[in-house]
Amino acid sequence: MAKRIVILGGGMGGTLTANLLAKEFSRKEAEITVISASPRHVYQPGWLYIPFGSGDVTELERPLESLLRKEVKLRIDRVVKLDSDAQTVSLASGKVLPYDYLVLATGSVGAPEMVPGLVEAGDHFYTEAAALALRTKLADFDGGRILIGVAGLPYKCPVAPVEFTFLLEEHLRKRGLRNKTEIRYTFPINAPFTIPTVAPMVEARMLERKIEIETFFNLESIDPGTKVATSLEGSSFPFDIAVFVPPHLGADFLRGHALADKSGWVSVDRESLQVKGTSNVWALGDTVNLPISKAGSTAHFQAPTIAAQVAGAVRARQVAGKHARYDGHVMCFLEAGDSKATLLDFNYSGPPQPKQPNFAMHFGKLAFNSAYWLVVPSGRV
Amino acid sequence: MPDLQNISITSESDARGSFCPGPLMELIRLVRAGAVGDVLAVLSKDDGSKRDIPTWVAKAGHEFLGMEPFENATRFIVRKAK
């Protein structure tokens, strides 16, 4: 009888894993089911450009079904409970789905309500609706104070606030508003970015563009009445527009689950990606509690390991080959404004050594954004 | 100094080999998610942590309990004070 492999989540990690497993197994060996709360697969990195008027949100999504191999069964439903002892997943429709092997790829969700005042007075670009709202607000903006930062940890796509700041500066300059606008970029640690090999380049480029930098700024609250943002370190700044990356949480059915912490981050082995305390459950991407970037590329590089691990378990064979263990590989483009970008490419054993931002990498990123649909979910790259 | 050997750690993050978000971001994450009084620890192989972590803990008004060698890294221990 075919083994039942269930994958929770239809984002980058879940879609790619499903397709890799469908290529690996015959229908007799395994039945692969993806459960997704949404029938859409969204390319979230594209939201970064929406506030500046570039890009059409409808270009950033495809029907999930169109991206899955025909051997994969898709069920649109929401997971309400995971019972890893009984090996069942309960769905909002009332259906209880048994599994032999399970992959958790439910990702993360922004939770701006965790910070007082953020929903009322803050903006962000971490959902389609928020990115469009910020587009409208920026279009009406005619000068003032814009404050940028990170409202909670962890958050998805660590480079995004840096990229947003550079793109905003360029956008305002081109509209003739730059000398009427104070841009203040804040960051939680004592540098403008997390990686010591990257932070000096970010700092120099921001200072060159007269962007104010405030480090050690972890947003505690926003007063929507006075429009002042205060950090837990005690500093406060007034603003006209405050763009803060919201805090993120794991899927709601995982918050406080025995396999996860109270925020919903699932505990996995950092190389096998097997969920701790289980023999038949794996997790990848934003879903896990590893101290590495929550980013699409992380899930992209982890999916082949999940496929190899699940294949080894189904066939009761030792897992071997280049994808047997995940090496911490992450690759992120960093948009630096003025049609220049660089690339951060690193793993557990070494930090990135990025080149100076250049035109080629910017156009490389744009090409990747377009090529994504063809090459990533299918596992071609 | 507190006796680090006998202290009970509420939660710990193994941030060895973490370049992004990195050990200090991991510690801030634990502090933000924890309750007042929790003892939080982070493992780091980054030499910069020896300077950055105590500096942030002092600035944010928490209590730096100390650091100790652990395998090929250092364990930093902090109490959430407010």
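Predicted model: local features only at pLDDT ≥ 70, side-chain atom pairs only at ≥ 80, totals over all residues.
Residues are numbered from 1 along each chain as written, chains are lettered from A, and side-chain values use heavy atoms without hydrogens or water.

A cavity here is a set of points on a 1 Å grid over the protein atoms alone where a 1.4 Å probe fits but cannot get out, and lining residues have an atom within 4 Å of a point. Volume is the space filled by probe spheres set on those points, joined across faces, edges and corners. There are two cavities of 30 Å³ or more.

Of its 15 lining residues, Pro154(A), Ile292(A), Lys294(A), Pro21(B) and Glu26(B) lie nearest the centre. Where does the largest cavity lie? Domain 1 (3–107 + 251–314) and domain 2 (112–247) of chain A both contribute to its lining, so it lies between them; the bounds come from an automatic or database assignment.

The second largest cavity holds about 40 Å³, and its lining includes Phe346(A) and Phe19(B).

Now the helix, α4(A), residues 128–140, a DSSP run (H or I, at least four residues). Ala130(A), Ala131(A), Leu134(A) and Leu138(A) are buried there, meaning under 20% relative accessible area, with exposed being over 50% (1.4 Å probe, protein chains only). Turned away from that buried side are the exposed Ala129(A), Ala139(A) and Asp140(A).

Technical notes. 1 Å grid on protein atoms, 1.4 Å probe; cavity = no way out; pocket = protein on both sides within 12 Å on 5 of 7 lines; lining within 4 Å. Helix = DSSP H or I, 4+ residues; strand = E, 2+ residues; numbered from the N terminus. Expected span 1.5 Å × (residues − 1).
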